[in-house]
Amino acid sequence: MAYNGIHASFRGNLGSDPEYKVLDSGAKVCNVSIAVTPRVKKNDEWVDGETSWLRATSWNYQADKMATLKKGDNVLVEGVLTLETYAKKDGSGDASALNVRVDEVFLGVRAGGGDKPAASAPASAGASAPDSEEDVAFF
């Protein structure tokens, strides 16, 4: 899907288990929080930099893929950045959070390469086994 906006890619680890839902319309949606921690050079040593958190929302097929992950898993997402504004729970005003409307989900991507095999979609997704090799998606 093409959206107007800033397209970006983020690689990080899930901060919580995915929140997966099937809506009344039949559309599937999955929300996750992703911790993105850059590597920075301090003196002559590479160390973890400051962690940034973002929310990612995926739909339908991409939601099925995202739902196979669990807290701590590594993921790469590509999508459009949005700034979501919401009322604070304590009633002290509004706050904003960075969100990514996900176009693509790549599972288990590490900086040095070597993807892990993708897990099957959750039972609630209604996924069935492919009929042939041509029906197998590459994640």
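View 1. D73 is buried at a relative accessible area of 9% (buried means under 20%, exposed over 50%, partly exposed in between; 1.4 Å probe, protein chains only). Its partner in a salt bridge is K70, with the closest N and O atoms 3.4 Å apart. A salt bridge here is a side-chain nitrogen of Lys or Arg within 4 Å of a carboxyl oxygen of Asp or Glu. The whole structure holds 4 salt bridges. This is a predicted model: local features need pLDDT of at least 70, side-chain atom pairs count only at pLDDT 80 or more, and totals for chains, interfaces and linings use all residues. Residues are numbered from 1 along each chain as its sequence is written, and side-chain values use heavy atoms, with hydrogens and water left out.

**View 2. D48 and R39 form a salt bridge.** The closest N and O atoms lie 2.7 Å apart. D48 is exposed, at 53% relative accessibility. R39 is partly exposed, with a relative accessible area of 48%.

**View 3. A salt bridge joins E19 and R55.** The N to O distance between the side chains is 3.5 Å. The pair links distant parts of the chain, 36 residues apart. E19 sits in strand β2 (residues 19-22), and R55 in strand β6 (residues 52-59). Strands (E, at least two residues) and helices (H or I, at least four) are DSSP runs, numbered from the N terminus. Both ends are partly exposed: E19 at 41% relative accessibility, R55 with a relative accessible area of 27%.

**View 4. Strands β2 and β3 form a hairpin.** Strand β3 covers residues 28-36 and runs antiparallel to β2, with 4 bridges between them. Two strands pair if DSSP finds at least two bridges between them. K21 has V29 in β3 as its bridge partner. The hairpin has 5 residues between the strands. Within this hairpin, G26 takes a positive phi near 100°.

View 5. E84 is partly exposed, with a relative accessible area of 38%. Its side chain makes a polar contact of 2.9 Å with that of T82. A polar contact is a pair of N or O atoms within 3.5 Å; within protein, one must be able to donate a hydrogen and the other to accept it, and residues adjacent in sequence count only if both atoms are side-chain atoms. Not counting residues up to four places away in sequence, E84 touches A95, S96, A97 and N99 (contact means heavy atoms within 4.5 Å). The C-alpha atoms of E84 and V100 are separated by 9.8 Å, and the two residues are 16 apart along the chain.
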